Amino acid sequence: MTRAAQKSKSSLRSASKSRLAPKPAAHRGTKPDARLADADKFLLPTYKRPPILLTHGRGAYVYDSTGKKYLDFLGGIAVNALGHAHPRIVKTIRREAPRAVHFSNLYHNPYQGPLARKLAEWSGLDRVFFSNSGTEAIEGALKLARLYGRTPDEPAATPAKKHRVLAMENSFHGRTFGAVSVTWTEKYRMPFAPLLPGIEFVRFNDVADLESKFDDTVCAVLLETIQGEGGIHATTPKFWDRARALATKHGALLIADEIQCGLGRTGRYFAYQAFQSKPDIAVIAKPLAAGLPLGAILTSGAVAARISPGLHGTTFGGGPLICATALEALTIIEDEKLLDNVRARGAEIRQGIAALVKKFSFIREVRGEGLMIGVELSIEGGAFVAEAMNRGLLMNCTHDYTLRLLPSFIITKAQVRDFLRAFESVLASNSVSKSTPVSPEKENSPRLAHSAGR
């Protein structure tokens, strides 16, 4: 073989090797991103974040500053129900931003009333109060419960006889003072003790424990219709029905936290619509305004009759721009019949993961409804979340052992197939060997949640 031929063959071999070899990440060897350095230096260290910078999204995908694309199965922790940059949401924000962003709640705006009407129609409840977030809606609901429990002969300056709140073990309701007081996980509560008095925890779905702790001093029983941060555990019909009956008997309120599971996430407008009875108060937030911050308290007319001007309020809750966006988001869910898609795609995901149980013995259980799905493992899940991100898939792990999936309502059949392929490859990765099995102590005890808060 001539020297020229040898050189040509060598060049072809090198070119082939180059095509097959993995390309280095775009950020390798480049200068560190100053924006990440600013975040590390100036933000409070309340989150443990990977060193990537998400810059934009479209539909079911998000992109980082290097151009890498991710299939988003976390959805901003159940916030981005319509995915990213939905054309009708973008159009609404562009239309309303030049008109008015804020007036204050001392005046009416064009969108609060119509949005409240829509929420009343969806929920079967009567009145609405808009807040900035889910945790603030929880705070307002607790205030309403205490107010409702106070009898006319009790002076306002004295502690009410009916003041106790029964919350659930394994619960998560937010980060503000009252919300963290009714949150079960000790690492979230105990650093801030002493907390709100009058809180007692009930074993979730344990009717006997609920009955033993319920008396005439209880003003409310608070529960997540489906526990999100707690690992995707649903309230049973038996427990719901007993909580409803006891609340009615003792003149207390049943409060449903639907911040994560409400507004279509389960394939129903509200998760509690699986039951025969309604709560007195439902609390919502996450997907309400398609990514803009908005929460709400929905309540019955009887509860609303106890409130009067000055007893509660908010500066930013329910501004014109954000209410217009929320009204459009709910209308999109109706127009595009997205609840049908939520049910169909959710069933495909659960069926696909159930088929993986034979391949991966560490999958203990697949739970959930609609597009709120938990995959409980017998080994810690954090390594799988990191591996998924490396492979262009976003999800998270809650309670150490439950992989949580919260894709957008617009997810397609093809994207579900892409997810299942990627998910299987993640489970089959070498991350398994680095994961820790469930310890005997944790097997039957509440697990610590990894939560971004509300």
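1. Start with Thr236, which is partly exposed at a relative accessible area of 29%. The scale used here calls a residue buried under 20% relative accessible area, exposed over 50% and partly exposed in between, with a 1.4 Å probe and protein chains only. Thr236 sits in the loop between E9 and helix H10 (237–250). Helices (H or I, at least four residues) and strands (E, at least two) are DSSP runs, numbered from the N terminus. Setting aside neighbours within four places in sequence, Thr236 touches Asn205 and Phe275, where contact means heavy atoms within 4.5 Å. Thr236 and Asn205 are 31 residues apart in sequence, yet their C-alpha atoms are 6.3 Å apart in space.

2. A quick word on what you're looking at: this is a predicted model, with local features needing pLDDT of at least 70 and side-chain atom pairs counting only at pLDDT 80 or more, while totals for chains, interfaces and linings use all residues. Residues are numbered from 1 along each chain as its sequence is written, and side-chain values use heavy atoms, with hydrogens and water left out.

3. Is His173 buried or exposed? His173 counts as buried, at 0% relative accessibility. You'll find His173 in the loop between strand E5 (164–168) and helix H7 (177–181). Gly134 is 39 residues away along the chain, and the C-alpha atoms of the pair are separated by 7.9 Å.

4. Most residues other than glycine have a negative phi, and most peptide bonds are trans. Ala85 has a positive phi, near 55 degrees, and belongs to the loop between helix H3 (75–78) and helix H4 (87–96). With 35% relative accessibility, Ala85 is partly exposed. Ile232 also has a positive phi, near 65 degrees, in the loop between strand E8 (226–227) and strand E9 (233–234). Ile232 is buried, at a relative accessible area of 2%.

5. Which peptide bond is cis? That would be the one from Ala193 to Pro194, with omega near 0 degrees. Pro194 lies in the loop between helix H8 (186–189) and strand E6 (199–202).

6. Last, a helix pair. Helix H13 (residues 338–354) and helix H15 (residues 413–427) pack at about 25 degrees, with axes 10 Å apart. Axes are lines fitted to C-alpha atoms, for helices over the stretch in contact, and angles run from 0 to 180 degrees between N-to-C directions. H13 and H15 are therefore roughly parallel to each other; the cut-offs are under 35 degrees for roughly parallel, over 145 for roughly antiparallel, 65 to 115 for roughly perpendicular, and oblique for the rest. On the H13 side, the contact is made by Arg345, Glu348, Ile349, Gly352 and Ile353, and on the H15 side by Lys413, Val416, Phe419, Leu420 and Phe423. By class, that contact of H13 with H15 has six nonpolar, one polar and three charged residues. Here Ala, Val, Leu, Ile, Met, Phe, Trp, Tyr, Cys and Pro count as nonpolar, Asp, Glu, Lys and Arg as charged, and the others, Gly among them, as polar.
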